[in-house]
Amino acid sequence: MKKIISILIIIVLSLGIVSCGAKQQKNESVQDAVKKEPVKLAFWHLWSGPEAEALQQVVDEFNKTHEDIQVSLVSTDIQKQLTALSTGSGPDIAGNFYFNVASWASKGAMLDLTDLIERDNYDTNDFVPSTLKTVTFKDRLYALPIAMHVNMIYYNKKLLQEAGYNSFPEKLSEFKTMIEKLTIKKNGNLEKLGYVPTADPGLFNLSALFGAKYVSDDGKQILEDPAIINAFKFDKEFADKFGYEDIKKYTSSFGKYMSPENPFFTGQVAVKFDGEWLAVMIDKYAPNLDYGIAPLPYPDDKPELKNAGYASPSIIYIPKSTKHPEEAWTFLKWLVSKEPMVKFTSKIGNLPARRSAMSDPAYSSIKGFKEFLEYAQGENVRSIPPMKPEAEYVSELIAQYDLVLNGSISPEEAMKKIKAKLEPEM
């Protein structure tokens, strides 16, 4: 009898152990399910069309290889970012313009990446130095570059040949004569423009070829820079010659930039400042266009400014308001690593921001890539130096541009106005 009771006790205990084990296993399964729920990141970027599609392809790769983090893309603009961040409902990671870094960082909108970089021993030496400079504020890094850009001159070979040019002029006086000759006006109406005066990118490229410094060497004063004044004057003279209102009327009928109706593709404009990505767009929208790429001209009396240019990076930052800073940092590091950077920038014809990526064979078939890459590394290619009111400075230059060209204010007065308004923030 005792033996039977002992056996029964053993059976009961065994069933209890099995039951507890089953419950524990069930609890562990529930916990595992909770653990496997991925962190979802919202990535707000500034690209659209084919460029946004290329970014989506790269992000899809990240999502496939990182089950614990899933990134969703939203194409947006800066104003929407600002509005969302002010209410705490913004993205976890986002793209921005480099000239906003100092201003946004000083306002606490951008996460300081410096400590994360030092903690992880993250090597930034492979990035092109000038691109890191633009995302540095008070010796702290607030973003990382994914691409870099420089403007050169695109020209319609057929239109130049019809005007008697077999090569593109190097000197500014020759350039001025050429774009005036290429501009056709009949019975008071423009039929073709040799060149379109614009604040962006035109004014900034002209400022670069005149050798603009923007601020004093100690970074404490905004200069009434003679180079920028000369840039204003160059476009003002062209606008006066052909009528600023007539030019605006003519350009108002232009088609969309990223389409077959781009005025350079259709022959409505003979010469333009533009970035390396335009070559990819030409292959897509105007494959039969016979065009050339040339350096910016230099002032006749300043050959030392040959091959000048205006450069800028595309940057990615983490908003300080994100609820997932670690996961956002993991994604940012991956996105700007060499392989994803090459895949993205080669698809859209951008220059990579990493030196190790520049010789990658993915770029070998991109027309104009070699020319832009070599040009971007020249000593006369520059960008606006980092300063706290940099975004406001850029906005003010653009705002004053129209006033200068319509004769409401002189270039000298425009620079004095900008200096007086923004220098207290320096």
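Asn96 is buried, with a relative accessible area of 3%. That falls under the 20% cut-off, which means the label "buried" applies. The model here is a predicted one. Asn96 sits in strand S3, which covers residues 93-97. Its side chain makes a polar contact with the side chain of Asn100, at 2.9 Å. What else does Asn96 touch, beyond residues up to four places away in sequence? The list is Leu46, Ile78, Gln81, Trp104, Met110, Ile315 and Tyr317.

A search of the whole structure finds 25 aromatic pairs. Trp104 and Tyr317 form an edge-to-face pair, with 5.9 Å from centre to centre and 85 degrees between the planes. The two residues come from distant parts of the chain, 213 residues apart. Trp104 belongs to helix H4 (residues 101-106), and Tyr317 belongs to strand S11 (residues 309-317). Are they buried or exposed? Both Trp104 and Tyr317 are buried.

Now take a second pair. The ring centres of Phe238 and Phe242 lie 5.0 Å apart and the planes meet at 50 degrees, so this pair is tilted. Phe238 and Phe242 share helix H10 and stand four residues apart, about one turn of the helix. An α-helix has 3.6 residues a turn, so residues three or four places apart point the same way. Both Phe238 and Phe242 are buried. They also join a wider group. Tyr155, Phe168, Phe175, Tyr195, Phe234, Phe238, Phe242 and Phe273 form one aromatic cluster.

Stay with helix H10, residues 226-242. Its axis comes within 6 Å of the axis of helix H11 (residues 244-251), and the two cross at roughly 85 degrees. That angle makes H10 roughly perpendicular to H11. Which residues make the contact? From H10 come Phe238, Ala239 and Phe242; from H11 come Tyr244, Asp246 and Ile247. Of the residues in this contact, five are nonpolar, none is polar and one is charged.

Next comes helix H15, residues 338-348. Its buried residues are Pro340, Met341, Val342, Phe344, Thr345, Ser346 and Ile348. What covers them? The cover includes helix H2 (49-65), strand S6 (144-156), helix H13 (278-285), helix H14 (325-335) and strand S12 (351-352). Just after H15, Gly349 takes a positive phi of about 75 degrees.

Positive phi turns up elsewhere too. Most residues other than glycine have a negative phi, and most peptide bonds are trans. Asp139 is not a glycine, yet its phi is positive, about 65 degrees. Asp139 is found in the loop between strand S4 (136-137) and strand S5 (140-141). At 72% relative accessibility, Asp139 counts as exposed. Asn307 also has a positive phi, near 65 degrees, and is a residue other than glycine. Asn307 is in the loop between strand S10 (291-294) and S11. With 31% relative accessibility, Asn307 counts as partly exposed. Where is a peptide bond cis? The bond from Asp200 to Pro201 is cis, with omega near 15 degrees. Pro201 lies in helix H9, residues 199-209.

Ser321 is placed in the loop between S11 and H14. Ser321 is partly exposed, with a relative accessible area of 33%. From C-alpha to C-alpha, Ser321 and Ala199 are 34 Å apart in space, and they are 122 residues apart in sequence. Met426 is in the segment after helix H18 (411-422). At 28% relative accessibility, Met426 counts as partly exposed. Met426 and Ile229 are 197 residues apart in sequence and 21 Å apart in space, C-alpha to C-alpha. Which residues are in contact with Met426, leaving aside its neighbours within four places in sequence? They are Val215, Gly219, Lys220, Gln221, Ile222, Met387 and Pro389.

Note on methods:
Residues numbered from 1 in each chain as written. Predicted model: local features only at pLDDT ≥ 70, side-chain atom pairs only at ≥ 80, totals over all residues. Heavy atoms only, no water. Buried < 20%, exposed > 50% of the residue type's maximum accessible area, 1.4 Å probe, protein only. Polar contact = N/O pair within 3.5 Å; in protein donor to acceptor, adjacent residues only side chain to side chain. Contact = heavy atoms within 4.5 Å. Axes fitted to C-alpha atoms, helices over the stretch in contact; angles between N-to-C directions. Parallel < 35°, antiparallel > 145°, perpendicular 65-115°, else oblique. Nonpolar A, V, L, I, M, F, W, Y, C, P; charged D, E, K, R; others polar. Phe/Tyr/Trp six-rings, centres within 6.5 Å; stacked < 30°, edge-to-face > 60°.
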